[in-house]
Amino acid sequence: MDYRSGPGQGRIGQSSQPAIKRVHPGGRPSQEGRASSLRKLARREVSARGNWAFKRASSEEKFRNFSLQGEYDTFDAKAVHLERLAFLKRRSRIVEIVAAKDLLFTLAHSGACAAICLAESRRRLCYMNVGSEEVIRSLFFNKNNDSLITVSVYAHDNFSSLKCRSTPLEYIRRGQPSEGFALFESESLRWPGFVEFDDVNGKVLTYSAENGMYKVFDLRNYTLLYSVPDKNIQEIKISPGIMLLIYNRADGHVPLKILSIEDGAVLASFVQLLQRGKKVDFIEQFNEKLLVKQENENLHILDVRTRVEAQVSRTEFMTPSAFIFLYENQLFLTFRNRAVAVWNFRGEMVTAFEDHVLWYPDCNTNNIYITSDQDLIISYCKQEELSHAPHVGTINISNILTGKLLAKISSVPELAQAKSKSVLSTVREALEDVTALFYDEDRNEIYTGNRNGFVHVWTN
């Protein structure tokens with residue numbers, strides 16, 4: 001997963017749980033894939049498509065009769081004094097949820113991150129903020145060493161630079177978040193600097209604007225692997241095994257370079273011709289395929305090995321607000337105006353969803369989850385029949401390859417009450433203004449957070 005974060009906007013990659021996550025000092029992360037490729041490969045059957053009918057039936061059964069079973073209030077007035085966290089003085093919406101084995105982490109827009117134990121009566125263990133000035137911007141569960149990486153900014157430097165910390169889950173279970181250790185201390189991650197976690201390749205990419213240097217670290221032990229000088233690089237895109245370096249645009253073309261993600265060796269160097277005077281909407285890399293789209297122009301899909309190019313009419317493929325690449329299926333998802341579609345690399349739309357109108361028009365991937373097998377998408381969606389309740393949505397589970405709706409969690413009358421006596425909210429209240437969503441594939445539980453700082457658990 002590519003996880004990138006920084007003061008500006010990040011980019012969307014694969015599962016929200018996407019595999020690449022970038023964080024900038026002043027912004028929220030985008031997500032590009034959620035499960036590691038090794039885990040996906042281990043789970044893949046010899047003939048997955050041959051078992052599609054069985055898998056669909058299994059998926060439908062897995063989500064059958066999902067109901068509201070649990071509720072957490074991440075706001076605790078007592079903790080304001082005990083934890084000395086000033087930003088706990090008011091309620092704040094949940095912006096990110098991460099499940100890591102028997103722990104659940106919920107991040108509020110205020111920067112407070114709560115750690116909840118799922119195994120023992122679902123109690124809060126601690127806050128991950130280790131100081132009164134720390135505002136946590138994003139979370140990343142590192143499966144390589146069972147630790148949670150928090151990316152934070154601090155009041156003493158006007159929240160202008162990122163600081164990363166790794167905390168083993170065993171310390172969090174003991175309620176000792178301060179036992180973690182700092183990462184990348186040698187790097188100055190001020191805007192427009194960033195840190196990007198790539199779960200697929202097991203790498204971390206940092207960019208320091210002060211010295212104009214990109215650096216790649218090993219996600220297993222955080223050792224430095226190699227550096228790439230800035231030198232006119234406009235953007236770097238990561239996909240399995242490679243990095244695409246996009247240089248500043250020249251007259252009528254853009255220079256591109258492909259590096260090995262393992263050692264930084266140059267695998268290819270070429271230029272991509274562009275229409276003069278036309279804005280570049282996007283340049284994306286997916287394995288050997290390069291996607292290039294300019295304003296009011298056709299989509300170009302270029303095979304960088306064979307130089308064979310396909311085009312898709314601008315009327316058929318309009319610039320999306322986000323991509324999620326599906327490495328397992330050699331497909332990609334596009335998001336535009338609340339609609340989701342699936343495309344192949346011949347430029348053909350292979351899936352249109354029958355009932356999957358996203359709640360947020362700007363494709364907030366914190367409200368979208370794609371399973372590690374990349375066959376299901378779970379999203380917070382709109383429901384026209386609830387026009388009388390404009391703030392209430394539904395949780396829709398759909399098959400990515402067919403677009404079929406497999407299950408829906410809704411506040412229809414027969415589901416109006418939660419099944420657990422410990423839950424005070426009604427189903428309708430729990431589905432109102434959902435701001436974050438996560439699916440725990442091991443526990444078969446969906447977690448949602450809302451604008452009031454409540455987290456709800458849905459399962460059967």
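Lysine 215 stands opposite serine 227 in β15, and this pair belongs to an antiparallel arrangement in which five bridges join strand β14 (residues 213–218) to strand β15 (residues 224–229). The two strands form a hairpin with five residues between them, and tyrosine 222, which sits in the turn, has a positive phi of about 65 degrees. The model is a predicted one, and the chain as a whole comes to five helices and 34 strands. Of its 460 residues, 58% are buried.

- Among the contacts in the chain with a separation of 6 or more, 47% are between residues 24 or more positions apart.
- The accessible surface of the chain is about 19300 Å², and carbon and sulfur atoms account for 47% of that area.

**The sheet β24-β25-β26-β27**

- Four strands form an open sheet in the order β24-β25-β26-β27, and their pairing is antiparallel; strands of a sheet pair, in general, through backbone hydrogen bonds.
- The edges of this sheet are β24 (322–326) and β27 (349–352), each of which pairs on one side only, and neighbouring strands are turned by 25 degrees against each other on average, with direction ignored.
- Within the sheet, strand β25 (residues 331–336) and strand β26 (residues 339–343) run antiparallel and are joined by five bridges, and threonine 334 has alanine 341 in β26 as its bridge partner.
- Alanine 322 is found in strand β24, and it counts as buried because its relative accessible area is 4%, which is under the 20% limit.
- The C-alpha atoms of alanine 322 and cysteine 363 are separated by 6.9 Å, although the two residues are 41 residues apart along the chain.

**The sheet β8-β9-β10-β11**

- Another open sheet of four strands has the order β8-β9-β10-β11, again with antiparallel pairing.
- Here the edge strands are β8 (134–142) and β11, each pairing on one side only, and the twist from one strand to the next averages 30 degrees.
- Eight bridges join β8 to β9, which run antiparallel, and leucine 139 stands opposite threonine 150 in β9.

**Backbone geometry in the loops**

- Asparagine 158, in the loop between β9 (147–154) and β10 (163–168), has a positive phi of about 60 degrees although it is not a glycine.
- Asparagine 158 counts as exposed because its relative accessibility is 63%, which is over the 50% limit.
- Asparagine 287 is in the loop between β20 (280–286) and β21 (289–294), and its phi is near 50 degrees, a positive value in a residue other than glycine.
- The peptide bond from tryptophan 191 to proline 192 is cis, with omega near 10 degrees, and proline 192 lies in the loop between β11 (181–183) and β12 (194–198).

**Nonpolar cores**

- In soluble globular proteins, nonpolar side chains tend to be buried together.
- The largest nonpolar core of the model has 32 residues, and those with the most contacts inside it are Phe63, Leu104, Ile378, Ile395, Ile446, Tyr447 and Trp458.
- Strand β32 (residues 434–440) supplies the largest share of this core, namely four residues.
- A second, separate core holds 18 residues, including Leu107, Ala115, Cys117 and Leu169.
- Leucine 104, one of the residues with the most contacts inside the largest core, is in contact, once neighbours within four places in sequence are left aside, with Tyr72, Ile97, Val98, Ala99, Ala114, Ala115, Ile116, Leu118, Tyr447 and Val455.

**Histidine 456 and its surroundings**

- Histidine 456 has its place in strand β34 (residues 454–459), and it counts as buried because its relative accessibility is 1%, which is under the 20% limit.
- The side chains of histidine 456 and serine 425 are joined by a polar contact of 3.4 Å.
- Leaving aside neighbours within four places in sequence, histidine 456 is in contact with Leu68, Gly70, Glu71, Ser425, Ala430, Ile446, Tyr447, Thr448 and Asn450; Ile446 and Tyr447 are also among the residues with the most contacts inside the largest nonpolar core.

How values were computed. Residues numbered from 1 in each chain as written. Predicted model: local features only at pLDDT ≥ 70, side-chain atom pairs only at ≥ 80, totals over all residues. Heavy atoms only, no water. Buried < 20%, exposed > 50% of the residue type's maximum accessible area, 1.4 Å probe, protein only. Contact = heavy atoms within 4.5 Å. Areas by Shrake-Rupley, 256 points an atom, 1.4 Å probe, with all protein chains shown as cover. Polar contact = N/O pair within 3.5 Å; in protein donor to acceptor, adjacent residues only side chain to side chain. Core = buried A, V, L, I, M, F, W, Y, C linked by side-chain atoms within 4.5 Å. Pairing = 2+ DSSP bridges. Axes fitted to C-alpha atoms, helices over the stretch in contact; angles between N-to-C directions.
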